[in-house]
Structures are given as structure tokens and as C-alpha cells.
Amino acid sequence: MEKAEQEVKTAMGKRLKKNTLLACLLAAVCLAGGCGKQGSGQAGESTGHTAQGPEKPQGEGDTKTVDPEDEAKKLQREEYPSFRREQIRGMSVAENGTIRYQLQYLPRSDRDSFLYWDMPVPYASSAVVDTEAMYGLFDAVSALDFGKKQAGSGAKRTAREDAEWTENGTYITVNYCGEQADSTKQADADRTVTVIIGEKKDGRYECRLLGWKERTLYLKEAAVARILHQDPYAMLLKIPYVINVATVKKVEIQCGAQTHTMEREEDAYWIDGKKADRDKYLDLYAELMQPMLDGEIPKDAAAQEKKEPLLTIRYVRSLEGAQDQTVAIYPYGDGRYTVDVNGHQYFFLVPQDVQTLYQSFCGPSI
């Protein structure tokens, strides 16, 4: 895992609010260390793969999410696939006809490399993936054995049985590179495998690979269940968003009738139109991203009456093609708050974190 992400997690675990490693990551590191040079394509050295030099992160398409299953339609299928976790570039897991979660590797010009992984489902690519947890899942996926020894006796199935297998809607699709990716090899997936999951028998799932219906594989129940029942929320860093300060020229903060601005140009900084020193600006910028997630909004929660946001933060980007970001924090009731990132609202925030942020910009208390 990259040093930057380790700093995020260390700082969050300590729950410090100012002059922390988290503050350094969110505000100072990219300016001091030259991380503002976006678009290098470098990604995940510590996770074992690096994008090929000529590959360019997405630019004006940065708002787009990529469906791993659409990507799979373009890729080659192998009869006896085998890959390591570092070779995986996309994944889609469905159970009983419903896609439970998806992961997709997607370099983007406005993100640091540890943010290149997306979760299109269930969070519309608006959450921050914890790559350490994700690679734990990838270990389980790459450990599945699709070799000849796992194949059954090849008992014939009826056409109806074949149709039932296809229609049950329980499967795992993995897109991967055919060889270990490094600085001289490709980063894009060129191969795919879809494992169709059948019935459980004697501690194993009957499975088959899409494209080879005559082969039955018997995979351990626990190994398959680990992947099918992975909790998507457990694969997130518990922060709602991260935006590199080097890609932002202006921040607009609004709470009620109050409006505050933060502006940056090269090495000059302004807060509410007044020149500010660098450290003060960066500390204040880091505070904007301090609130941490406090669980998911229940999918069956009753629709809330439309409320005015408690606090709205708009990031105007300086990087060509990068998407402006709008973050809104809403009161939910019972002392809880939700966060909306570019129109996507999935999570609660820690109430005390919201109160601290509000006091920093808007007044003594909510």
C-alpha cells in the first residue's frame, strides 16, 4: 500500500484533528513533494503493479464510471485461467440476479494514484476504496483454482439445466492482465473470466466458467462465500472524499447566509479575500475533509423531507478536465448528519466531526 494511503489510515486511527499526517496528506504533501504533476499513470507500486508510461489517465471523462462487465465483453477468455492479485483490474460480483459490488481500476488525471480504484456498485464511484482491504479480497479471488484438477467428470446436463445455471444470476467476473504488469508491460486488462455459481453440495459449489459449459468445477463453499458475501462498506476508507489541494484553485463554503472563500494561485493564498500564510491555508483546507463516515444510510430508510444543507463546500478545480466537486452536509434527525458528494448520498458522518467543522467556519455551535 502506498505511503500516502498509510498516512491517511494512521492519522484516522489516531483521530487527531490538526497538524497530523492526515492534514499533511490532504493539504501539504502534494505541494511540497511535487505530487501536483498529475497524469503520470503511476499507480500502486506497493500493490505490485504500475501503469505503462504511455497510458494516460482519463481527462475530461473523469466523471464517468466504468462497468467491469461492459469491459469484459471486449476481453479474451481462457479455458484454464490463472492470475495473481496484482493482475486484477476489474471485478463484478452478483448474487441471485443482483450485482452486489464492483471494483474497477481507473487512472484519472485529478486523483492521486491510491485513488485510482473505483467502486461503481454500490457507491457510483463516489467512495474512497481501502486498497488494503480490497487486496485482501483479491487474494481470495486469485486463490480460486480453475485448473484441470478441479474439473468434474463432465457429466452431461440437459439444456434446461444449462439455462438454469445461466439464469440464476450468481457469478463472479474478473478482468485481469495476462502477465504481471510492470513499467514495461500493459496496465489494462486483456483477459476475463466469469465463474457461474451453481448449487452447494457436500461443502462445495458446483461452478462453471462462461464459455466452457461442459466443464464443472467444484470450488470450496467457504472460498466462494467469502467473495459473494464481502461487505462493500468494509472495503472503504472511512472518509467521504479526498481532493488534492494542488488541483483546486478556489473553495467556496456556505452555511446559511454566510459565505467563505479560500483561493490559491501558485504560492499565494487567500482566505475570505485576505492574504493568508501557507500553513494556515493548508490547515484550514485539511479541516474540510476531517469528518469521517459513521455508517451507511439504510437502503430501506424512509425518504427524508427536503432540507436545506447545514454546510455546502464547492471545490473549483485548476486542473484542465477535472470535475468540480460539491459536498453538502445535511441534518438527518436524531443528531445525525448525512453527506452528499456530487449528488450521491450514501453515508452518515460522525456527529462530533460535523460540529467541529461547523464551528471552524460558521459559528460557535450548530
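Student: Which residue in strand 3 is the bridge partner of Ala94?

Tutor: The partner of Ala94 is Ile99, in strand 3. Some ground rules come before the close look. This is a predicted model, in which local features need pLDDT of at least 70, side-chain atom pairs count only at pLDDT 80 or more, and totals for chains, interfaces and linings use all residues. Residues are numbered from 1 along each chain as its sequence is written, and side-chain values use heavy atoms, with hydrogens and water left out.

pLDDT is the predictor's confidence in each residue, from 0 to 100. Its average over the protein is 81, and 74% of the residues score at least 70.

Strand 2 (residues 88-95) and strand 3 (residues 98-105) run antiparallel, joined by six bridges. Strands here are DSSP runs of E with at least two residues; helices are runs of H or I with at least four, and both are numbered from the N terminus. Two strands pair if DSSP finds at least two bridges between them. Strands of a sheet pair through backbone hydrogen bonds, either parallel or antiparallel.

The turn of this hairpin has two residues between the strands. Asn96 takes a positive phi there, near 55 degrees. Strand 3 also runs antiparallel to strand 4 (residues 117-118), with two bridges joining them. Across that pairing, Tyr105 has Trp117 as its bridge partner.

Step out to the whole protein. The model has nine helices and 17 strands. Nine of the strands form an open sheet with antiparallel pairing, in the order 12-11-10-9-14-15-16-17-13. Strand 12 (274-276) and strand 13 (293-296) stand at the edges with a single partner strand each, so one side of each has no neighbour in the sheet. From one strand to the next, the twist averages 25 degrees.

Look at strand 9 in that order. Strand 9 pairs with strand 10 over six antiparallel bridges. Strand 9 also pairs with strand 14 over six antiparallel bridges. Gln254 shows both sides: it stands opposite Thr259 in strand 10, and opposite Thr312 in strand 14. The hairpin of strand 9 and strand 10 has two residues between the strands, and Gly256 takes a positive phi near 60 degrees there.

Thr261 belongs to strand 10. At 19% relative accessible area, Thr261 is buried; buried means under 20%, exposed over 50%, and partly exposed in between, with a 1.4 Å probe and protein chains only. Leaving aside neighbours within four places in sequence, the contacts of Thr261 include Lys250, Val251, Trp270 and Ile271.

Further along the sheet, strand 16 (residues 336-341) and strand 17 (residues 344-349) pair over five antiparallel bridges. Val339 has Phe347 of strand 17 as its bridge partner.

Helix 8 (residues 278-287) lies across strands 9, 10, 11, 12 and 14. It runs at about 60 degrees to strand 11 (268-271). Such angles are taken between N-to-C directions, from 0 to 180 degrees, with axes fitted to C-alpha atoms, for helices over the stretch in contact.

A disulfide is a covalent bond between the sulfur atoms of two cysteines. The search here takes cysteine sulfur atoms within 2.5 Å, and finds one disulfide in the whole structure. Cys255 is joined to Cys362, S to S 2.0 Å. Cys255 is in strand 9 and Cys362 is in the segment after helix 9 (351-361), 107 residues apart. The torsion about the S-S bond is about -105 degrees, so this disulfide is left-handed. Cys255 is buried at 5%, and Cys362 is buried at 7%.

Helix 7 (residues 221-228) gives another view of burial. Val224, Ala225, Ile227 and Leu228 are buried in this helix. Over the protein, 49% of the 366 residues count as buried.

Technical notes
Contact = heavy atoms within 4.5 Å.
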